[in-house]
Amino acid sequence: MTKEQIQRYTLRITQANRSQIIVILYDMILDDVTEASECYDDYDSFKKACNHITRCTADLMEALDFSYEVSFHLMQIYQFINRQVSTAVLKKEPAVLKYVASAVTKLKEAFEEVSKQDSSG
């Protein structure tokens, strides 16, 4: 992730409500998938981008509220994402990350709608 991206995300986070933070994490994952795919020839950079995806997913898991049934389903999706990222790193196959991008894009679209109705600080 570039310094510009970090600054952009930092600004967005400081102005976001709770559900917008989730959308930002999804955006970060999508940026990392793109970065990993572009830098596949440099395995260290590829692995670094994949590790960041895993850290973002860990933050998403930590944010789940299991008093809502949907959290259990989201946990399964996040675990799927982590398995795909691990597979990509272990097999050195960036193509596996397309499944991550697909899942995260769908989740992001849903949470963007939720964030429009979220009045939390």
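Okay, let's start with Thr-57: setting aside neighbours within four places in sequence, Thr-57 is in contact with Ile-29, Tyr-78, Ile-81 and Asn-82, where contact means heavy atoms within 4.5 Å. Quick caveat: this is a predicted model, local features need pLDDT of at least 70, side-chain atom pairs count only at pLDDT 80 or more, and totals for chains, interfaces and linings use all residues. Residues are numbered from 1 along each chain as its sequence is written, and side-chain values use heavy atoms, leaving out hydrogens and water.

Thr-57 sits in helix H3; helices here are DSSP runs of H or I, at least four residues, numbered from the N terminus. Thr-57 is buried, at a relative accessible area of 1% (buried is under 20%, exposed over 50%, with a 1.4 Å probe and protein chains only).

Now, helix H5, residues 97–117. Its end C-alpha atoms are 31 Å apart, which agrees with the 30 Å you'd expect for 21 residues at 1.5 Å a residue (that's 1.5 Å times one less than the number of residues). Its buried residues include Leu-97, Val-100, Val-104 and Phe-111. Looking down the axis of H5, the buried ones fall within an arc of 145°, so they line one face; the arc uses directions from the helix axis to the C-beta atoms. Lys-98, Lys-106 and Lys-116 are exposed on the other side of H5.

What do the buried residues of H5 pack against? Helices H2 (18–38), H3 (43–62) and H4 (70–91).

One more residue: Tyr-26 touches, among others, Leu-60, Tyr-78 and Val-104, not counting residues up to four places away in sequence.

Key:
Helix = DSSP H or I, 4+ residues; strand = E, 2+ residues; numbered from the N terminus.
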